[in-house]
Amino acid sequence: MYVLGIETSCDETSCAVLKDFKVLSNATISSLKQHKKYGGVVPEVATRAHLKNIDKVLSASLKEAGITLKQIGLICVTSKPGLIGALVVGLNFAKALALSLNKPLVGVDHLRAHLFAPFLNHPEKIKFPFIGLVVSGGHTDIYRVKDFDRLTLVGSTQDDACGETYDKVARLLGLGYPGGPVIDKLFNEKEKSAFTFKCGRRDFDLSFSGVKTAVLYKKQELEKQGELNRENTVKLVSSFQGTAVEAITNVVLDAAHKYKVKKIVCGGGVTANRYLRAQLVRKAAPLEVLIAPVEYTMDNAAMVAGLGFYLYNKGFKSSINLEAQAG
Ligand code: KG4
Ligand code: ZN
């Protein structure tokens with residue numbers, strides 16, 4: 001079956017076509033550049049960009065897949081969580097398509113879709129149970145997953161999300177937005193203990209606001225000494241990333257051990273990070289670690305179509321009155 005996925009929960013307008021679980025196309029336009037000067041996503045700007053781009057992205061995804069709209073058999077769309085105005089654009093677009101084509105609609109949870117990303121093109125790997133890690137700009141969640149409709153949240157962040165912390169640390173050091181990719185590039189493993197920072201932790205919950213403040217204080221101290229140079233900036237970001245990655249890796253491994261689960265599945269923008277990817281695999285062995293290919297770590301419609309198709313095969317279908325939910 002040809003499956004159409006639609007994703008507009010944040011700053012990416014994306015449409016994808018899958019043939020069952022195989023990705024035929026995944027077309028995305030990001031409004032990221034328009035948010036740069038604000039240092040974070042501005043909801044109104046994102047919503048307007050979705051309205052402007054959603055048609056283009058749909059056409060591009062159909063063209064790349066080599067099919068026409070009429071061949072689509074199922075429409076899957078992110079219905080939660082996300083920026084409400086942004087979600088509504090994608091959801092209404094999906095509803096209009098479902099009605100006019102007379103095809104079923106499946107509303108998908110964006111966070112669960114991130115966890116589905118590692119299974120795109122590889123449905124044979126879908127086996128439960130596993131510990132799911134979602135690390136993105138808005139979330140740092142650890143789930144115990146018995147199936148995609150049977151998840152329990154076992155841990156989260158008590159304050160800032162991990163990706164948000166990368167963005168804030170980069171901003172306070174004047175490194176631009178988004179922070180994750182810049183810090184990923186500047187990171188030097190040899191400098192990961194240059195400064196001592198610490199993430200908060202209680203059970204399986206993490207806290208990132210303290211480490212962000214500690215980076216700020218260290219930066220101010222270096223500034224006063226006239227030593228906020230390139231070398232010390234590398235030390236600051238490396239120590240920050242070393243601390244954050246260690247905290248995430250530890251909490252995920254502890255959850256896997258507690259729940260006696262042999263598999264860890266990871267998704268979300270921060271899992272594009274080279275050091276996080278390497279450390280998860282290194283430290284989890286002999287547990288199996290599945291991380292989405294880098295192209296599917298960021299927000300994309302392919303993961304939405306994949307999870308929607310999976311749920312549809314389990315009997316799920318959404319009503320045409322499906323509502324967008326921000327939280
Ligand atoms: O999943 P995503 O595209 O959007 C949300 O659902 O939030 O994640 C975006 C986040 C941003 O905070 C960005 O800084 C972070 O992912 N990110 C990274 C990397 N690439 C993107 N963080 C660390 N290392 C990266 N290479
Ligand atoms: Zn996301």
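Q: What in G163 is 3.1 Å from an oxygen atom of ligand 1?
A: A polar backbone atom of G163. In this predicted model, local features need pLDDT of at least 70, side-chain atom pairs need 80 or more, and totals for chains, interfaces and linings use all residues. Residues are numbered from 1 along each chain as written, chains are lettered from A and ligands numbered from 1 in written order, and side-chain values use heavy atoms, without hydrogens or water.

Q: How much of ligand 1 does the protein cover?
A: 90% of the 550 Å² of accessible area that ligand 1 has on its own. Accessible area here is Shrake-Rupley with a 1.4 Å probe.

Q: What does an oxygen atom of ligand 1 meet at H110?
A: An N or O atom in the H110 side chain, 3.4 Å away. For G269, a polar backbone atom is 2.9 Å from a ligand 1 oxygen.

Q: How many residues surround ligand 1?
A: 20, with G137, D167, D184, G269 and N273 the closest. A residue counts if one of its heavy atoms lies within 4 Å.

Q: Which helix gives the most to that shell?
A: α6, with four residues. Helices are DSSP runs of H or I, at least four residues; strands are E runs of at least two, both numbered from the N terminus.

Q: New topic. Where is N188?
A: In the loop between α6 (179–186) and β9 (200–202).

Q: What does N188 touch, beyond its neighbours within four places in sequence?
A: V234 and S238. Contact means heavy atoms within 4.5 Å.

Q: And how far is N188 from D149 in space?
A: 40 Å, C-alpha to C-alpha, and 39 residues in sequence.

Definitions and conventions: A polar contact is a pair of N or O atoms within 3.5 Å; within protein, one must be able to donate a hydrogen and the other to accept it, and residues adjacent in sequence count only if both atoms are side-chain atoms.
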